[in-house]
Amino acid sequence: MLPHDSDAEPLAPLDLADFSEANQVLIEQWKADTESILRSKVDLTRDDYREFAELCLFFLGCKQSITFKQPGALHKARWMSKLLYSIKISLVQDHIQLLPQGTVTTKHQLPKLREFVIFATVIYSSWWMTCSVAVDAPWTISAYTRVCLSILMSMLMLLQVP
């Protein structure tokens, strides 16, 4: 495990300055709701869900320190591990950009991954953590389209029937 203190090497949590003032107000509301839900659920969840909640809280700026756990198996059926890796990559994106191009990601992948992580931490995490059955997590993202249209377009493309 790699402990991380916010005073040590800087990570890249959510920065509201990247959004318009109107969207900042909306994201602050969602962030407060998400923080409340995650804090109430973090001690009641199993390992990977707990790590997800803790990473979300850290990414949203609601937690001062985080411990990066050793990666587990990456399997197609386990989307949670991909989500955990995505948040971690987004947090260390400033360090990744210092590496030779293509070492971890391409220059076009990091911004898209960051958009996904913002959606997952600000919106989807509260849905996921409050569902008693995972498949019941709602897919309604219309409110989020005001903040990030590319997430909506990506999800609509994924949901289209060939």
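The legends below describe an overview and several close-up views of a predicted model. Because the model is predicted, local features need pLDDT of at least 70 and side-chain atom pairs count only at pLDDT 80 or more, while totals for chains, interfaces and linings use all residues. Residues are numbered from 1 along each chain as its sequence is written, and side-chain values use heavy atoms, with hydrogens and water left out.

**Figure 1. Overview of the chain and its secondary structure.** The chain holds six helices and two strands, where helices (H or I, at least four residues) and strands (E, at least two) are DSSP runs numbered from the N terminus. Along the sequence these elements follow the pattern β-α-α-β-α-α-α-α. Of the 162 residues, 41% count as buried, a term that stands for under 20% relative accessible area, with exposed meaning over 50% and partly exposed the range in between (1.4 Å probe, protein chains only). The chain exposes about 10000 Å², and carbon and sulfur atoms supply 58% of this area; accessible areas come from the Shrake-Rupley method with a 1.4 Å probe, and for residues only the protein chains shown count as cover. Among the contacts with a separation of 6 or more, 65% are accounted for by residues 24 or more positions apart, contact being defined as heavy atoms within 4.5 Å.

**Figure 2. The largest nonpolar core of the chain.** This core has 37 residues, and those with the most contacts inside it are L14, F52, F59, I87, L91 and V122. A nonpolar core is here a set of buried Ala, Val, Leu, Ile, Met, Phe, Trp, Tyr and Cys residues joined through side-chain atoms within 4.5 Å. Helices α1, α2 (47–59), α3 (79–91) and α5, together with strand β2 (65–68), each supply at least two residues of the core, and α5 gives the most, with 11 residues. In soluble globular proteins, nonpolar side chains tend to be buried together.

**Figure 3. The packing of helix α1 against helix α5.** Helix α1 (residues 21–41) and helix α5 (residues 109–130) pack at an angle of about 35°, and their axes are 9 Å apart; axes are lines fitted to C-alpha atoms, for helices over the stretch in contact, and angles run from 0 to 180 degrees between N-to-C directions. From α1 the contact draws on I27, W30, T34, I37, L38 and K41, and from α5 on T121, V122, I123, S125, S126, M129 and T130. These residues divide into seven nonpolar, five polar and one charged, where Ala, Val, Leu, Ile, Met, Phe, Trp, Tyr, Cys and Pro count as nonpolar, Asp, Glu, Lys and Arg as charged, and the others, Gly among them, as polar.

Figure 4. T34 lies in helix α1 and is buried, with a relative accessible area of 1%. Leaving aside neighbours within four places in sequence, T34 is in contact with L60, T121, V122, S125 and S126. With neighbours set aside in the same way, V122 is in contact with L14, I27, W30, T34 and L60.

**Figure 5. The packing of helix α1 against helix α2.** These two helices pack at an angle of about 145°, with their axes 10 Å apart, and their crossing is left-handed. The contact is formed by E35, L38 and R39 of α1 and by A53, C56 and L57 of α2, a set with four nonpolar, no polar and two charged residues.

Figure 6. Not counting residues up to four places away in sequence, E51 touches K69, L84 and K88, whereas K88 is in contact with E51, L55, F68 and K69. The C-alpha atoms of K88 and L55 are separated by 7.8 Å, although these residues are 33 residues apart along the chain.

Figure 7. V117, which is found in helix α5, is buried, with a relative accessible area of 0%, and, leaving aside neighbours within four places in sequence, is in contact with F59, S86, I87 and S90. P111 also has its place in helix α5, but counts as partly exposed at 46% relative accessibility.

Conventions: Left-handed = near helix turned anticlockwise from the far one by under 90°.
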